[in-house]
Amino acid sequence: MRIPAHSVCTAIRDDIVAGVYERGSRLTEELLARRYGVSRVPVREALRTLEAEGFVVTRRHAGACVAEPTEQEGADLLEMRMLLEPLGASRAAQRRTEAHLKVLRGLVRLGQERARRGNSEDLRSLGGWFHETLAQASGSPALTSMLTQLRHKIAWMYVVDAPANPAESWAEHGAIVDAVARGDGERARAITALHTERSGAVHRLRFTSGQDRADRVRTSQHPVNVTGLRH
């Protein structure tokens, strides 16, 4: 496989998230350079970036290795997302463009259609694109970057079950877009906070030791009542 040098970081990160490299395994510059068809220079730079993001650690006598995050670190990621996603939605209500709204509305239409058909794999991808676009609509590159990193790390650490009621989940997405379109930052923040809280209940840690005690990180057991949030 040969990829552009500037894409090496993305390629290694994607392979870590996909489980190509196991937690704790060594990442040698020579082998990575050979795998991606580049010199060792972009590999070295990529490993520095991935270390800053928390995917890689440098160990004495071993060099760069895939990080081994703890269950507590996984719970912290979900908590951070619960704080930042609503902030992004609130900012989006003030800064979104018509292009952002067009994409968001299109994703909601597709999501609602796929929810009726019960296609969970499509829904997972559409949900990721929705939240990525919402973050971009915040008009804050720093916030967008942080949310992107969080999504990558959460995808690495967690298996996400399909929601019990995908149609209800996409109704929440639609309510967020409606609030953003009206410029109602407080409502966008409130709905997104409840939506994010609810979604935490369908995340299961990949790296638990096996028993149900750690099978699910629950931030809430209560459904989001979108109707109750309407003015």
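Helix H8, residues 166-182, comprises 17 residues and spans 25 Å from its first C-alpha to its last, close to the 24 Å expected at 1.5 Å a residue; the expected span is 1.5 Å times one less than the number of residues. Helices (H or I, at least four residues) and strands (E, at least two) are DSSP runs numbered from the N terminus. The model is a predicted one, in which local features need pLDDT of at least 70, side-chain atom pairs count only at pLDDT 80 or more, and totals for chains, interfaces and linings use all residues. Residues are numbered from 1 along each chain as its sequence is written, and side-chain values use heavy atoms, with hydrogens and water left out.

Just after H8, Gly 183 adopts a positive phi of about 75 degrees.

Another helix pair involves H1 (residues 8-18) and H7 (residues 141-157), whose axes come within 8 Å and cross at roughly 35 degrees. Axes are lines fitted to C-alpha atoms, for helices over the stretch in contact, with angles from 0 to 180 degrees between N-to-C directions. Arg 13, Ile 16 and Val 17 in H1 meet His 152, Ala 155 and Trp 156 in H7, contact meaning heavy atoms within 4.5 Å.

Strands S1 (residues 56-59) and S2 (residues 63-66) pair in the antiparallel sense over four bridges, where pairing requires at least two DSSP bridges. Val 56 lies opposite Val 66 in S2. Three residues separate the strands of this hairpin, and His 61 in the turn has a positive phi of about 70 degrees.
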